[in-house]
Amino acid sequence: MTVHSSLQPSVDAWTQSIESISELAASLVDGEWNRPTERVGWSVRDLVSHVIGGECEALGDPRPIHTLPRDLYHVTDETSRYNEVQVDVRRHHTGPEMTSELEYTIIRRSRQLRNERRGASDLISHPLYGKIPLADYLELRVCDVWVHEQDLRRALGQPTTLDTPAALIARDVLLQRLPKVVAEDAGAPVKSAVVFDVSGPVEFLRTVRVDENGNGAVDSSPSLGPLVTFTLDWETFTRVVTGRLRGRRAAEKVRVEGERPLADRILASLATPW
């Protein structure tokens, strides 16, 4: 148990999801480490490396000093370059090296979370997120681990786990992406609304509204006249919002009502990989 009980739901969700990743990794044979995944440019090994690297940074470990190759086509901006370092530095590690490091990292991180003295609202600094409350950072870690757990399960032909506590936290984190995507990236007009109607094991309806200043916000109230309504299942939602389903593949999985050009811009803007 953590010192601050308000953090416990996130800690429990993280524990369940990252231990599932550890179990998946422990069962891999040599060839499976190199299987491609839906995360652009990353193999099964790369996803496990990314999870390890994220938790090492949460522990405060120094970042690797490593120069990336120039031919990584999926590295397109500073965020992807930052994430790629922890991945590329492990690309030649053996399976046993990967599983051992993952298991040791989980032990260290679990101990850190059990002994956490900072409060939920205490600010921490992160190179990608800036200053962020600890509670929000933990939720981001839960979402990251859960999303990659599902990536691994799909790549390995294993059943996905779509209704766990981590899935519910991931829902709330992923929904936070929508206002910027709709209002800024896709350029939805002022005083407009876009609805996401999601069914399945995690079911919800959310409306992204753009105010008179062009700022987006998301709420659970229905809209009487949305410009676009997206209807899709929960797993498809997670794959679209994290850039796993893009372009024509996304369009085939999502039912769209309303202004198609705006819908296409929104779907295209969601294509940045998580």
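Arginine 118 is partly exposed, with a relative accessible area of 33%. On this scale buried means under 20% relative accessible area, exposed means over 50%, and partly exposed lies in between, using a 1.4 Å probe and protein chains only. Its partner is glutamate 116, and the two side chains meet in a salt bridge at 2.7 Å, N to O. Glutamate 116 is buried, at 8%.

A word on the source. This is a predicted model, so local features need pLDDT of at least 70, side-chain atom pairs count only at pLDDT 80 or more, and totals for chains, interfaces and linings use all residues. Residues are numbered from 1 along each chain as its sequence is written, and side-chain values use heavy atoms, with hydrogens and water left out.

Now, salt bridges. The term covers a side-chain nitrogen of Lys or Arg within 4 Å of a carboxyl oxygen of Asp or Glu. How many does the structure hold? There are 24 salt bridges.

Take arginine 239 and glutamate 38. Their closest N and O atoms are 2.4 Å apart. The pair links distant parts of the chain, 201 residues apart. Arginine 239 sits in helix H8 (residues 234-241), and glutamate 38 in the loop between helix H1 (8-26) and helix H2 (44-59). Helices here are DSSP runs (H or I, at least four residues), strands likewise (E, at least two), numbered from the N terminus. Arginine 239 is buried at 12% relative accessible area. Glutamate 38 is partly exposed at 21%.

Next, glutamate 55 and arginine 109, with closest N and O atoms 2.7 Å apart. This pair also links distant parts of the chain: glutamate 55 in helix H2, arginine 109 in helix H4 (residues 95-114), 54 residues apart. Both residues are buried.

On to pockets. A pocket is an open set of points on a 1 Å grid over the protein atoms alone, where a 1.4 Å probe fits, with protein on both sides within 12 Å along at least five of seven lines; lining residues have an atom within 4 Å of a point. Grid points are joined across faces, edges and corners, and a volume is the space filled by probe spheres set on the points.

The largest pocket holds about 990 Å³ of space. Its lining counts 35 residues, and Thr79, Asn83, Tyr129, Pro273 and Trp274 lie nearest its centre. Which helix gives the largest share of that lining? H5 does, with 6 residues. The lining divides into 12 nonpolar, 12 polar and 11 charged residues. Nonpolar means Ala, Val, Leu, Ile, Met, Phe, Trp, Tyr, Cys and Pro; charged means Asp, Glu, Lys and Arg; the others, Gly among them, are polar.

The second largest pocket has about 180 Å³. It is lined by 16 residues, including Glu57 and His126. They divide into 8 nonpolar, 2 polar and 6 charged.

Last, the rings. Rings of Phe, Tyr and Trp (its six-membered ring) pair if their centres lie within 6.5 Å; planes under 30 degrees apart are stacked, over 60 edge-to-face, the rest tilted. The whole structure has 7 aromatic pairs. One is tryptophan 234 with phenylalanine 237, stacked at 6.0 Å centre to centre and 20 degrees between the planes. Both belong to helix H8, 3 residues apart, so about one helical turn separates them. Tryptophan 234 is buried at 0% relative accessibility, and phenylalanine 237 is buried at 1%. Trp146, Phe196, Phe204, Phe230, Trp234 and Phe237 make up one aromatic cluster.
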